[in-house]
Amino acid sequence: MKSIQRPDGDLAGRQMDISPDCAGQVDPKKMPGANEISIVIPARNEAEGLARLLPDLCELFPEAEIIISDDGSTDETVSIAQRFGACVVRRPYGAGNGAAIKAGARAATRDWIVFMDGDGQHRAQDIARLLARLAEGYEMVVGARSSEAQASRHRGLANALYNRLSSWMVGHQVRDLTSGFRVVRRRRFLEFLHLLPNGFSYPTTSTMAFFRAGYAVAYEPTDVKPRLAGTTSHIRLWRDGTRFLLIIFKIGTLYSPLKLFAPISLAFFSLGLGYYAYTFSTQHRFTNMSVLLFSAAVIVFLIGLISEQITALMYGGTSANEREGKVK
């Protein structure tokens, strides 16, 4: 056994005995303590929400590292965060929720990161329930909202569609694809930081990336508070909904290309076969359109197969980097 020291913030000087055979492994039965978590809150003009959330966080998790990632706020967001002793990461202009998340994740120093929205909808009391699920060996635990907790009926229907589509893509049940309330292992999350967009779809990207990478993900039912009066969501249904769909397909093709290419190839093949049957029965010949559809089916399938091989090579490189200690 050998002893090491960790330089992470308040954990400086803490001794940990590890075995050479188990270096880097985690006891699945151990729940992280408050001094092992960073709470990252992206905020853009969320002074009222932070004034409601930060007192609860400071009372319940006094040893946690609280980071407010300010995305170019023009109200009292920064002054309220500083009043409660939170670390503030500031940007001179708004770049998007995802950009704020990435800045906060880079600034975090603890082993686990809790992400929460700054509008006051997420409850500080629910963090303990998410942390408790980590003791079962999960790398990410997401606070799943009920259908009644959706901001609107249209938003709820859209999220239900996203959940079904993404579940098929990754091969696991995705109960709330767009929830911004989650706890993740920091070093795992940083692996996918370059994939996260600057807009409002970091939950979508990170959730699907964790599933496809084989990391254990759990969902914990949580309630959300009503949005504060006078505040509105920064998400636009049609514009950002289209982006969510594009990101689902982007991540799906990045981590499981054949899930997308194989059905398209099969569709082309079926159309070609059906058209050939029609022309053969009516004209007794094999037409150029049938040849084109069969060719498209073969080409799409081969593209998917090559993409699958590229994905396998990419993951082989990631594993090697982890073994060499390049991913902290």
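The chain folds into 10 helices and 9 strands, taken as DSSP runs (H or I of at least four residues for helices, E of at least two for strands) and numbered from the N terminus. This is a predicted model, so local features need pLDDT of at least 70 and side-chain atom pairs count only at pLDDT 80 or more, while totals for chains, interfaces and linings use all residues. Residues are numbered from 1 along each chain as its sequence is written, and side-chain values use heavy atoms, with hydrogens and water left out.

Of the 328 residues in the chain, 45% are buried, that is, under 20% relative accessible area with a 1.4 Å probe and protein chains only; exposed stands for over 50%, and partly exposed for anything in between. Take the contacts (heavy atoms within 4.5 Å) with a separation of 6 or more: 74% of them join residues 24 or more positions apart. The chain exposes about 16,700 Å², with 57% of that coming from carbon and sulfur atoms; areas are from the Shrake-Rupley method with a 1.4 Å probe, and for residues only the protein chains shown count as cover.

Leaving out residues up to four places away in sequence, Phe115 touches Val40, Ile101, Ala105, Gly180, Phe181, Arg182, Val184, Phe189 and Tyr202.

Helix α7 (residues 202-212) is mostly covered, with 10 of its 11 residues buried. Those buried include Tyr202, Pro203, Met208, Phe210 and Phe211. After α7 comes Gly214, with a positive phi near 90 degrees.

On the outside, Tyr275, Tyr278, Met289 and Leu292 make up a nonpolar patch with about 410 Å² of accessible area together. Patch residues have over 30% relative accessible area and no salt bridge; nonpolar side chains (Val, Leu, Ile, Met, Phe, Trp, Tyr) are joined within 5 Å, like charges within 9 Å. A salt bridge here is a side-chain nitrogen of Lys or Arg within 4 Å of a carboxyl oxygen of Asp or Glu. Helices α9 (257-283) and α10 (288-323) each give two or more residues to the patch. Leu292 sits in α10 and counts as exposed because its relative accessibility is 53%.
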